[in-house]
Amino acid sequence: MSQRLSHRYGQLLAALALLGCAILMAMMCIIVGDVLLRNVPIPGLPRGLAWSNEISELMLYLITMCVAPWLLRQGKHIRVDILLQAIPRVLAWRLEWVSDLLGLVVCCVIAWYGAQAAWSSYSSGAVNIKTLVTPEWWALAPLPLVFVLLAIEMVFRMMRLYAGERGPRHDAVSAA
């Protein structure tokens, strides 16, 4: 049951990673369109896209939010495990637990405060005024959702750690 749930969850994270890739492609098209319109006068079209920088900044943020849980699951996040490889295996396993528990707590705290910030922004009607005028909560809303996903992945990591051998983890780590 838990392996099937973990597999389904992995599929959800993979779908979010693909969404991140689609956002990256859209961002590239917007930037190329902006540069093209600024440098090649096309009758009837504006000289550049005034909103492209603003939207590109938001897209970079959204790409990070979409891909972060998948990267954690794949072990493609930053991990320095030279110490874990040098100490006794059981102690390394215990430190993996400490690391995962700390990661879970941090993800829950950020999700909580992110949700409070998004709700406060929504309730107050705060807006971002740049080239575009947008509700501030639009940018804040993905943060708590993603950190809930990261917290769930931390639980799955702990389950995999518990089921594995008593030593530093070899799943969800990259050797590259």
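**Entry 1: S121**

I began with S121, which lies in helix α4 (residues 89-124); helices here are DSSP runs of H or I with at least four residues, strands are runs of E with at least two, and both are numbered from the N terminus. I was working on a predicted model, in which local features need pLDDT of at least 70, side-chain atom pairs count only at pLDDT 80 or more, and totals for chains, interfaces and linings use all residues. Residues are numbered from 1 along each chain as its sequence is written, and side-chain values use heavy atoms, with hydrogens and water left out.

I looked up the accessibility of S121 and found a relative accessible area of 3%, so S121 is buried. Buried means under 20% relative accessible area, exposed over 50%, and partly exposed in between, with a 1.4 Å probe and protein chains only.

I then listed the residues that S121 touches: leaving aside those up to four places away in sequence, they are A126, E136, W137 and L140. Contact means heavy atoms within 4.5 Å. The side chains of S121 and E136 are joined by a polar contact of 2.9 Å. A polar contact is a pair of N or O atoms within 3.5 Å; within protein, one must be able to donate a hydrogen and the other to accept it, and residues adjacent in sequence count only if both atoms are side-chain atoms. A polar atom of the S121 side chain also lies 3.1 Å from the backbone nitrogen of W137. For L140, I noted a C-alpha separation from S121 of 8.2 Å, at 19 residues apart along the chain.

I turned to S52, which is found in helix α2. S52 counts as buried, at 2% relative accessibility. Beyond residues up to four places away in sequence, S52 touches I30 and D34. The side chain of D34 makes a polar contact of 2.9 Å with that of S52.

E54 lies in helix α2 as well, and at 14% relative accessibility E54 counts as buried. With residues up to four places away in sequence not counted, E54 touches K130, T131 and L132. I found the E54 side chain reaching the backbone nitrogen of L132 at 3.1 Å. The C-alpha atoms of E54 and K130 are 7.8 Å apart, although 76 residues separate the two along the chain.

I next examined how α1 (residues 2-39) packs on α2 (residues 52-74): their axes come within 8 Å and cross at roughly 160 degrees. Axes are lines fitted to C-alpha atoms, for helices over the stretch in contact, and angles run from 0 to 180 degrees between N-to-C directions. The two helices are therefore roughly antiparallel; angles over 145 degrees count as such, under 35 as roughly parallel, 65 to 115 as roughly perpendicular and the rest as oblique.

The axes of α1 and α6 (residues 142-163) come within 11 Å and cross at roughly 140 degrees. That angle makes α1 oblique to α6. In this contact, residues of α1 including Y9 and L16 meet residues of α6 including F156 and R160.

Last, I checked α2 against α6, which pack at an angle of about 10 degrees with axes 9 Å apart. These helices are therefore roughly parallel. Among the residues making the contact are Y61 and R73 of α2 and E153 and R157 of α6.
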